[in-house]
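The following exercises concern how copies of a chain are arranged and how they meet. Work through each task before reading its solution.

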4 protein chains.
Amino acid sequence: MSGSLNQVQLIGHLGQDPETRRTQGGDPVVSFRIATSESWKDKATGDRKEQTEWHSVVIFNEALCRVAEQYLKKGSKVFVQGKLQTRKWQNQAGVDRYSTEVVLARFGGDLKLLDKAERAAPDPDNYGQTRIREPSYADARSGAARPAPAARPDLDDDIPF
Amino acid sequence: MSGSLNQVQLIGHLGQDPETRRTQGGDPVVSFRIATSESWKDKATGDRKEQTEWHSVVIFNEALCRVAEQYLKKGSKVFVQGKLQTRKWQNQAGVDRYSTEVVLARFGGDLKLLDKAERAAPDPDNYGQTRIREPSYADARSGAARPAPAARPDLDDDIPF
Amino acid sequence: MSGSLNQVQLIGHLGQDPETRRTQGGDPVVSFRIATSESWKDKATGDRKEQTEWHSVVIFNEALCRVAEQYLKKGSKVFVQGKLQTRKWQNQAGVDRYSTEVVLARFGGDLKLLDKAERAAPDPDNYGQTRIREPSYADARSGAARPAPAARPDLDDDIPF
Amino acid sequence: MSGSLNQVQLIGHLGQDPETRRTQGGDPVVSFRIATSESWKDKATGDRKEQTEWHSVVIFNEALCRVAEQYLKKGSKVFVQGKLQTRKWQNQAGVDRYSTEVVLARFGGDLKLLDKAERAAPDPDNYGQTRIREPSYADARSGAARPAPAARPDLDDDIPF
DNA sequence: TTTT
DNA sequence: TTTT
């Protein structure tokens, strides 16, 4: 269906360092969780309130995997653009579970570092829009692009991330 | 945290007519599921492939609830903008479950009908940007804006929608 | 600068059929204008008002050019995603002029037909995500990707489109 | 037309401190310009290239005006969401000119500070989502919400900002 | 110049 | 005119 759009945009901070796994084909898959939060003043009590939302981000785009691995760490502030995808998996008891993730695939995915570049200066040869000039990353959708279920750390319980 | 963004944009079709429930305070809560899909040609086999993704949409914004109730039905094509929110609930066995939804709250939420207006012409007095000129909808976040758990149809099983 | 974002999203109708020109390198450049509109009820008079905004869209992405040429025409409803770009040009008197356009370049650009497929069914072999599997379009930024000034129809006057 | 979307999202840096003017009705109108930039490696020469784009941002939303006045200054990094609007004006010679701006009106507009809060901590009583709980800003579209032409600094020449 |  |  051509007239379809599935797009998520987040600005938030990483809760932990990114994790890299590999597909069976050897392609990197980087994942992390980021927090977004809203704050407002309660009309009734006048109290200041804040609500934090956690999002699971999974990167299949090879160039963005590299960026994430090199420059992101716990606490990094990022802009992330991807698509919503709900994945079905089984817990230890074999019961179906569902997890919704923000997926950065080859097309449409984007990732921007919003921190001041305190720590590492991007390597100008490998970073940024280079990916855009020389697209050579693996196809995230064909083959075994998704990690094998056994590789997931979440199989031990019912927590969906 | 002011520098935070949580935004989802979807264009897709409703899988069923919208459902309306009420909060304890009497405010409407409209929900439906929409499908987005991607198609591509498999590089290896040359086959045309399509993958459909289903999203749960929940509307707390009163004006958008009215629009949804009046103009949306199974098959309607819509643009939806909201925020990602993961809700925790318990299944019948009392085990925690998580469901991620696209929430259209009072601010930031948007809903556009993309169909040709075959069936019902929008009432110019009640529809569209009127909401924008006279904001009087309930506060989606204070009080019992979220439906009581018992009211949810998903408590009987582990399916997250 | 990595931490930068420049993105526009429009849903509207084409005012005219798309126009195709060619760069000196022979790459297609498709352009059209689309209208978006807002309506609201005047708080004071109660009158219904509408305001239409016109946007210039320019497509350098070769695959999206093809889609535009084949499926878009005057009146078509589209979703367009691109970046904002202000182009400087000279009018006949040699005075500088500026025009702001929504540019669909190779990356980040998107175009979706939102009409019911009344007229032409997309050719499943050439349309849609095929572009995504076999990226081979020309680089919109290097070389003479922008049309030569003499080819522009707007040089005769000061109207920026 | 309900099924219409006009939305711009930018992340960039302010080129100058924001300027505040007033409508005839006394409502604030804050404007500034922000730069976004892209960088890439030239495929032919291997050179690193960068292209900067400047955008005019105009805020009519009263709450966002306050945020801009209090926290933004030259060099600030911001996320801005608004709509594209092309304004017609006359230069000194009485010739029509057009300027395209990113307008943050009452609805749909958003503004987020992305800098580390080095200088001023947001006042928790006046900042952030308070605007969202107590909407009382002026209607940006009715009356003389746009600044009178004479007040614009750009009338002396043909530069559209 | 589109559309509802 | 910003920033990396």
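Through which surface do the copies, chain C and chain D, meet?

**Solution.** The model is a predicted one. Of the interface residues of chain C, 100% are also interface residues in chain D, so the copies meet through the same surface.

**Exercise 1.** Determine how chain C is related to chain D.

**Exercise 2.** Describe the interface of chain C and chain D by area, contacts and elements.

**Solution.** Take the area first. Between them, the two chains bury about 3,400 Å², with 46% of it on carbon and sulfur atoms. Then count residues: 39 of chain C are in contact with 40 of chain D. The polar part comprises 14 residue pairs in polar contact and two salt bridges. One salt bridge joins the side chains of Lys83(C) and Glu38(D), at 2.7 Å from N to O. Finally, assign the chain C side to elements: strands E1, E3, E4, E5 and E6 each give two or more residues. E1(C) provides the largest share, eight residues.

**Exercise 3.** Outline the fold of chain A.

**Solution.** Of the 161 residues of chain A, 54% count as buried.

Note on methods:
Residues numbered from 1 in each chain as written. Chains lettered and ligands numbered in written order. Predicted model: local features only at pLDDT ≥ 70, side-chain atom pairs only at ≥ 80, totals over all residues. Heavy atoms only, no water. Least-squares fit on C-alpha atoms with pLDDT ≥ 70 in both. Contact = heavy atoms within 4.5 Å. Helix = DSSP H or I, 4+ residues; strand = E, 2+ residues; numbered from the N terminus. Buried < 20%, exposed > 50% of the residue type's maximum accessible area, 1.4 Å probe, protein only. Buried area = accessible area lost by both parts, 1.4 Å probe. Salt bridge = Lys/Arg side-chain N within 4 Å of Asp/Glu carboxyl O. Polar contact = N/O pair within 3.5 Å; in protein donor to acceptor, adjacent residues only side chain to side chain.
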